[in-house]
2 protein chains.
Amino acid sequence: MKVVITGGTGFIGRMLARSILARGRLTGPSGAQEEVDAITLFDAVEPPVPLTGLDARAKVVIGDIADKDLVFGLLDRDDVSVFHLASVVSGGGEKDFDLAIRVNLMGGLNVLEAARARAGAPRLVFASSLAVFGGSAMPAVVGDTTKQTPQTTYGVTKSIGELLINDYTRKGFIDGRAARLPTIVIRPGRPNLAASSFASGVFREPLDGAPCALPVKLDTVMPVLGYRSAVAGFIALHEAAPEALGDDRTVNFPSLSVTVEEMIAALRRVAGNRPLGEITHQPDPAIAAIVATWPVATEFARAGALGLPVEDSLDDIVRAYIEDFLDA
Amino acid sequence: MKVVITGGTGFIGRMLARSILARGRLTGPSGAQEEVDAITLFDAVEPPVPLTGLDARAKVVIGDIADKDLVFGLLDRDDVSVFHLASVVSGGGEKDFDLAIRVNLMGGLNVLEAARARAGAPRLVFASSLAVFGGSAMPAVVGDTTKQTPQTTYGVTKSIGELLINDYTRKGFIDGRAARLPTIVIRPGRPNLAASSFASGVFREPLDGAPCALPVKLDTVMPVLGYRSAVAGFIALHEAAPEALGDDRTVNFPSLSVTVEEMIAALRRVAGNRPLGEITHQPDPAIAAIVATWPVATEFARAGALGLPVEDSLDDIVRAYIEDFLDA
């Protein structure tokens, strides 16, 4: 079978591709385990650094997700599964509303339609986000049954994606699943336009010996998940039996609710003797305002029942990053 | 100022146009009461019967709401308000998914973009529906804070519309409001493709001396609202101060939760000596299946706070229909 990962050259896309290649098999549209012989990493721009850890089964395709013909061309086999990760991120969507609608909504519809055009209702896992929550009516803890009142265009398009995943699945066009992700840490590389970018930077820059300017206060609370658990969760959600998911295909992923202060403490504990760059506070009202609209804790009963993993502590997340990206 | 009503030649659109013409004024983009000197009733098809009760201020435009240029042409003044009622209905959307996406989602985006293109963030009232609720996770009573898990494509597009109304408003593109309607009764004329069509037919056909074949059981419970209250509610929601609405612009409209048996009892009570056509039961599994996904009762605290009206009883609804359409 073939796997298509949109947003495939991004961090999670690459890690997911590696994990699928290592695993070798996924549940195909037949319902049986099938060998993955091709994996396409589709993205909008060439990766800034050459992709590593892939093999001859993997192919990178660069293009515009709003180009319907191109997207249909990616799904050129009926034995296909899709991980739809491509997205304009939160901060980027606030800066360019039209781009967020074009990429996230129209691009998302292209991916759904391309999957619908295949025989056998392919499995499709959509990356949603806790940014579907927000606003004055948001309860302190959000979860699988909380009303969605997003306060960013990014969150709105993710909420729309969840609705469409449910309806395309109900109609039998696809076998859809949506992974509602907390902030994923620790992302290597450069900061991005996501308002949550600092939650990786606060670990990454000091470990690189570089200074880190925090845009938010130390007592800011965020639900976070390690990238290893996020990738394992994507695959577990893909593999889950349709009956286990029912008529609401979005699963609130597990998370750890932590303060920025706890992030820094975990960094110092795990870093040991490593020299660390300095962490300073440089308030960014635009970032702080977006982060303030997000939930501080989540309920994830369905994810637990489906066996989706979460790290035991922030320390585990820091250790994994050092192992995968600094000591490797 | 100008008023544009999409779906304007439908029953609610016509009644709303008449009510606005009689009233003469609405709150314009300036925030002050302005005289309505033009009202455009936009719809997809010519009305089956000539429209009555209008005057020289009213104009009918027929066209395709998916035609962006046409929709932009309707909103040709900055002093404009929009009531966006046009929609493929529930049963119709289940029969033609692509049409529901094209008209409800893409057409809706055209209306939002046309309003955004005007200066001054025009007021825009969107007709949503209780069909945004449904599925296995739906509580017995739904309301302003209930998660939306629609089980029809119609409901999905209405839920998406609510999200977009909130975001276009948050961005300052429009001053949007969404009216989440229960089943509106008693609609005159012919049955339509809405799965709820029988809830008007059970009154209308017998009062016409015609037989009525009920597709659902007598103990089926539905939240209903009389059309007079629905129209008054649309106008009250348009007139509400932005501060009274906050960051979630959808208001669950009030309703009476009644059984089909109670509908028939009210009909018999109010009809008095009028001869009534026979009511029989002809189960329609497709209709019953859609209706079964809808909530049976609603909570409408916000509507109450905004002063949106609801009839005291079904009897009032039957009396209004006889007065407006049979005795007139």
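This is a tour of a predicted model, moving from one selection to the next.

**Stop 1: the two domains of chain A**

Begin with chain A and colour it by domain. Domain 1 takes in 2–184 and 225–252, while domain 2 is made of 185–221, 256–297 and 311–326. Between the C-alpha centres of domain 1 and domain 2 of chain A there are 25 Å. Where the two meet, 22 residues of domain 1 of chain A are in contact with 20 residues of domain 2 of chain A.

Now select the domain 1 side of that contact. The elements that give two or more residues to it are α3 (90–95), β8 (141–142), β10 (183–185) and α7 (227–239) of chain A. Which of them gives the most? It is α3(A), with four residues. By type, the residues on this side of domain 1 of chain A are ten nonpolar, ten polar and two charged.

**Stop 2: the sheet of chain A**

Show the strands of chain A next. Seven of them form an open sheet with parallel pairing, in the order β5-β4-β1-β6-β7-β9-β13. β5 (58–62) and β13 (250–252) of chain A each have a single partner strand, so one side of each has no neighbour in the sheet. On average, neighbouring strands of this sheet are turned by 20° against each other, direction ignored.

Within the sheet, pick β6 (residues 80–84) and β7 (residues 123–129) of chain A. These two strands pair in the parallel sense over three bridges.

**Stop 3: the nonpolar core**

Select A:I5, A:A179, B:I5 and B:A179. These are the residues with the most contacts inside the largest nonpolar core, which has 196 residues. In soluble globular proteins, nonpolar side chains tend to be buried together.

Zoom in on A:A179. Leaving out residues up to four places away in sequence, A:A179 touches A:V125, A:F126, A:A127, A:S128, A:G233, A:F234, A:L237, A:V251 and A:F253.

**Stop 4**

Move to A:A117, in the loop between α4 (97–116) and β7 of chain A.

**Stop 5: strand β6 of chain B**

Switch to chain B and select β6 (residues 80–84). Five of the five residues of this strand are buried. B:V80, B:V82 and B:H84 are on one side, B:S81 and B:F83 are on the other, and both faces are covered.

Strand β1 (residues 2–6) of chain B pairs with β6(B) in the parallel sense over five bridges, and B:V3 stands opposite B:S81. Strand β7 (residues 123–129) of chain B also pairs with β6(B) in the parallel sense, over three bridges. There, B:V82 has B:L124 of β7(B) opposite.

**Stop 6: where the chains meet**

Finally, show both chains together. In this contact, 23 residues of chain B meet 22 residues of chain A. On the chain B side, helix α5 (residues 153–170) gives the most, with nine residues. The residues of that side divide into six nonpolar, eleven polar and six charged.

How values were computed: Residues are numbered from 1 along each chain as its sequence is written. Chains are lettered from A and ligands numbered from 1 in the order in which they are written. This is a predicted model: local features need pLDDT of at least 70, side-chain atom pairs count only at pLDDT 80 or more; totals for chains, interfaces and linings use all residues. A nonpolar core is a set of buried Ala, Val, Leu, Ile, Met, Phe, Trp, Tyr and Cys residues joined through C-beta atoms within 7 Å. A residue is buried if 20 or more other C-beta atoms lie within 10 Å of its own, exposed if 12 or fewer, and partly exposed in between; C-beta atoms are placed from the backbone. Two residues are in contact if their C-beta atoms, placed from the backbone, lie within 7 Å. Domain bounds come from an automatic or database domain assignment. Ala, Val, Leu, Ile, Met, Phe, Trp, Tyr, Cys and Pro count as nonpolar, Asp, Glu, Lys and Arg as charged, and the others, Gly among them, as polar. Two strands pair if DSSP finds at least two bridges between them. Axes are lines fitted to C-alpha atoms, for helices over the stretch in contact, and angles run from 0 to 180 degrees between N-to-C directions.
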